[in-house]
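This briefing covers confidence, nonpolar cores and a few individual residues. Please keep the sequence and the model in view while reading.

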Amino acid sequence: MLKVYGLEDGNLTESSDSAGDLRAAQWIDLSDASDDEKRRVENALEIELSPVNDYEPFQVSSHFMATERQLTMTGLLLMLPESGDPHLLKVTFIRAEGVLVTVTDGSAQGLSVLVKECENCTHGSGRDDVFAAILDMIVDHTDNILDKVGHDLDRINTMVFQHRATNQRRRLLEGSPRLRNRQLERVLTELGPRREILVKLRRSVLSFRRLVAFLREQDVAKSLIVKLDTFERDLRSIAEAETDLSATAGFLLDGIVGYIGLLQNKVMNVLTLVGIILTPPMVIAGIYGMNFKIMPELQWTYGYPFALGLMVVTTLATYLFVRIRGL
């Protein structure tokens, strides 16, 4: 898909005639474009649309390339579709004479989806301002993801610690370990994807920090340098927010594991208590259950009631001893 954008009265708008003169465009967005569309853009602008290299997260120099006609840069943008499956979208930015081209594969809408999300994408005229608008859209898109993850973690926090639950709800969970276990399992399942989003967001921020560092080394307009300073500050704020949310997710994971451990301890305490209380009657039953030939108690008239009474007395005595000791 090929989409053409321009600036009209300071507003970023999509051109209805994508088959027009591409040289007059200020931003061309290619998403899952066909070979014919790519060749058309390459011929019109005399540029190369192929990425620098397959994205390798630890090979910084392989992501960027500078020639006389173009600057080619690669970044990773975190996408969170309605299905909830987060993935990193590889975006190739190509800055040529008078136009900016973005190329994405694996997304039907490409970066155009950011235009709908961006609350304020108004700038002055010029190619650098279009690139600044895209940077604003990336920050706005990332902020939306952070807000969503933050709200999800707040909801999970409430489910884990039950500090906002009613007394009736707390008594229900305390009286039903099975219900509490199911709830913790469900919360643990929900926490995993949020942690995945934060990890991929960190990689995305790192890629754009490298992109900013590369642009600073190039001969770009002073207005763009000022925008890069703002964008870099936004990236630092996003990184700090990601660190805070990651710490919150780690704390919630520790809390879930702690509650599961407490539930297991309660079960073991119950089993241990039952075993202690039943030990004396089992010993008595074992003694009087022996089948030796000479056992005086077998001839007692009240031998059976005596054995049952002794079992009851020893059981109560053991139970009282355990209660007094606070076990």
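**Briefing on the predicted model**

E42 is found in helix α1, which spans residues 35–45. The model is predicted, with a mean pLDDT of 83 for the protein and 89% of its residues at 70 or more.

**Confidence**

- Over residues 122–128 pLDDT stays under 50. For this stretch the model has 22 contacts beyond four places in sequence.
- Where pLDDT is low, the predicted coordinates should not be read in detail.

**Nonpolar cores**

- The largest nonpolar core has 55 residues, and W27 and F93 are those with the most contacts inside it.
- Two or more residues of this core come from each of β5 (71–79), β6 (87–96), α2 (112–117), α3 (127–161), α5 (177–216) and α6. Helix α3 gives the most, with 15 residues.
- Another core, of 17 residues, lies apart from the largest one; V41, A44, I47 and L49 are among its members.
- Leaving aside neighbours within four places in sequence, W27 is in contact with residues including K3, V4, Y5, L12, V99, L100, V130, I134 and M137.

**E42**

- E42 is buried but has no salt bridge. The nearest side chain of opposite charge is that of R39, 6.9 Å away.
- Not counting residues up to four places away in sequence, E42 touches I47, E48, L49 and S50. Two of these contacts, I47 and L49, are also among the residues of the 17-residue core.

- D32 is in the loop between β3 (27–31) and α1. Its phi is near 50 degrees, a positive value in a residue other than glycine.
- At 39% relative accessibility, D32 counts as partly exposed, because that value falls between the 20% limit for buried and the 50% limit for exposed.
- E46 lies in the loop between α1 and β4 (64–66). The phi of E46 is near 55 degrees, which is again positive in a residue other than glycine.
- With a relative accessible area of 48%, E46 is partly exposed.

**T279**

- T279 has its place in helix α6 and is partly exposed, its relative accessible area being 41%.
- T279 and T314 are 35 residues apart along the chain, and their C-alpha atoms are separated by 9.2 Å.

Notes
Residues are numbered from 1 along each chain as its sequence is written. This is a predicted model: local features need pLDDT of at least 70, side-chain atom pairs count only at pLDDT 80 or more; totals for chains, interfaces and linings use all residues. Side-chain values use heavy atoms; hydrogens and water are left out. pLDDT is the predictor's confidence in each residue, from 0 to 100. Contact means heavy atoms within 4.5 Å. Helices (H or I, at least four residues) and strands (E, at least two) are DSSP runs, numbered from the N terminus. Buried means under 20% relative accessible area, exposed over 50%, partly exposed in between (1.4 Å probe, protein chains only). Lys and Arg count as positive and Asp and Glu as negative; His and the chain ends are not counted. A salt bridge is a side-chain nitrogen of Lys or Arg within 4 Å of a carboxyl oxygen of Asp or Glu. A nonpolar core is a set of buried Ala, Val, Leu, Ile, Met, Phe, Trp, Tyr and Cys residues joined through side-chain atoms within 4.5 Å.
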